Amino acid sequence: MTSVVNSNNISGLIQRTLNHVDPRLVDHGKRVAYLVSRMLETSGEYSEKEKQDIFFLALLHDVGAYKTEEINEMAKFETVDIWEHSIYGYLFLYHLSPLREWADVILYHHISADHLDGVAERIAKVAQVVNLADRVDMFWLHHPHREALNQYLNRSRGSRFRSEIVDLFMETQQNYHVIEDLNAAADLKKVMPDVVLSAEECEDYLKMMIFAIDFRSQHTVTHTITTTSISSSTAHLMGMNEKQVRHIYYGALLHDLGKIGIPVEILEFPGKLSPQAMKIMRTHVNITEEILAGTITPDITKIAIRHHEKLDGSGYPRGMRGDEMSMEEQVVAVADIVSALLGTRSYKEAYSKEKTLSILEEQASNGKINSQIVSIIRENFDDILAEVKDKCTPILRTYYGLQKEYEVLLEKHRGITG
Ligand SMILES: [Fe+2]
Ligand SMILES: [Fe+2]
Ligand SMILES: [Fe+2]
């Protein structure tokens, strides 16, 4: 079984996806990941696997700030209101990423050494490394002077940072001249540890990026999960082979990834979009294409980026015609419509089975979507929906549970200052 993504390009995919939310945060994440990985290297205490996991963790350490929309106030969320992005980042990494065992590091990445009592040593140490790397990057951004940086670090010795962590940084600086070389982090491939991720890990990162769309729009995540379930069930019912089913699964999973680059006001607009807003909304397909380019198998990429094409050429972005589209592409295009009709939005109730089917049949008879696929969905509608419920409920429960957990953790930690 070949993987749809591999270690060589998953970091590129993560970068390109998050760049669409805010490139400044990605750049900060890359520099912190670079500093952290060189510090771990210098310490000599970490296995290859640990170094690789912590590298990704450091890259994503501020991922919670995408959610809390504090990006414009980086100096503030990194120093004063530290908890919102730390808690959301922790929850995201714990529940929705392959880095669960390190998620606590994110929770404590702004906590002073003297407030880390009771935190497991393995976590506390990495939290200190990330904390220091983070401060060094922020400091250097505003005061690029070695002397001033040394003074700052020595002042923080024994309070904010453990003495041994400051020493570790000094030694790393001696070994690698990391400060002078911070911009090298722009090319992640050069600074990344030699990663060999398993197929499962790569796919977990891919799923993590799907959940990242939530930074912009929660209902898009629900829609994506529903579309994926409907597409997979339909593919099975049509007797497609394992490879086709697999391609359909990933194509559906990735089909709206580009929505991460669409402004929230448009994604969450409670009604019909104006023509200008619609034009922007439609670019989500081009964004998906740009993010996936060269990373994901072409067959899967095509399934993802053709879900708004219609058989009669009236779709977008390319206005392709039916004979140019594979059956897999057509399945996801229909499943996307079904999922949208069945979904609830602030301005629309979920459509009934009858209404959903009559809209599908109308589109099929107008030559816009494949009538064979529509028949299969009509004949198996209840089973397909039962499957949606089975597959989606646990995922969505975890996902909506995050919000509650967020409130609890915020209440618990709010009083503690970094
Ligand atoms: Fe942070
Ligand atoms: Fe940070
Ligand atoms: Fe779409």
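**View 1. The largest pocket holds about 1300 Å³ of space.** This is a predicted model, in which local features need pLDDT of at least 70, side-chain atom pairs count only at pLDDT 80 or more, and totals for chains, interfaces and linings use all residues. A pocket is an open set of points on a 1 Å grid over the protein atoms alone, with protein on both sides within 12 Å along at least five of seven lines. Lining residues have an atom within 4 Å of a point. Grid points are joined across faces, edges and corners, and a volume is the space filled by probe spheres set on the points. The largest pocket is lined by 43 residues, and those closest to its centre are Asp 336, Ala 340, Leu 341, Arg 345 and Tyr 347. Two or more lining residues come from each of α13 (218-237), α15 (264-267), α16 (275-282), α19 (327-342), α20 (353-365) and α22 (381-413). Helices are DSSP runs (H or I, at least four residues), numbered from the N terminus. The largest share, 7 residues, belongs to α19. The lining has 19 nonpolar, 15 polar and 9 charged residues. Here Ala, Val, Leu, Ile, Met, Phe, Trp, Tyr, Cys and Pro count as nonpolar, Asp, Glu, Lys and Arg as charged, and the others, Gly among them, as polar.

**View 2. The second largest pocket holds about 280 Å³.** Its lining has 15 residues, and Lys 207, Ile 225, Tyr 249, Leu 253 and Ile 395 are the closest to its centre. Helices α6 (83-96), α12 (199-212), α13, α14 (242-254) and α22 each give two or more residues. By class, the lining has 8 nonpolar, 5 polar and 2 charged residues.

**View 3. Helix α6 is largely enclosed by the rest of the structure, because 11 of its 14 residues are buried.** Buried means under 20% relative accessible area, exposed over 50%, and partly exposed in between (1.4 Å probe, protein chains only). The buried residues of α6 include Trp 83, His 85, Tyr 88 and Phe 92. From first C-alpha to last, α6 reaches 19 Å, close to the 20 Å expected at 1.5 Å a residue. The expected span is 1.5 Å times one less than the number of residues.

**View 4. Helix α8 (residues 121-142) is mostly covered, with 18 of its 22 residues buried.** The helix reaches 32 Å between its end C-alphas, close to the expected 32 Å.

**View 5. The largest cavity has a volume of about 90 Å³.** A cavity is a set of grid points where a 1.4 Å probe fits but cannot get out. The whole structure has 3 cavities of 30 Å³ or more. The largest cavity is lined by 13 residues, and Leu 18, Leu 25, Val 26, Leu 59 and Tyr 66 are closest to its centre. Helix α2 (23-43) gives the most to this lining, with 4 residues. The lining divides into 8 nonpolar, 3 polar and 2 charged residues.

**View 6. Asp 53 sits in helix α3 (residues 48-59).** Asp 53 counts as buried because its relative accessibility is 5%. Apart from neighbours within four places in sequence, Asp 53 is in contact (heavy atoms within 4.5 Å) with Leu 99, Glu 101, Trp 102 and Glu 201.

**Notes to all views.** Residues are numbered from 1 along each chain as its sequence is written, chains are lettered from A and ligands numbered from 1 in the order in which they are written, and side-chain values use heavy atoms, with hydrogens and water left out.
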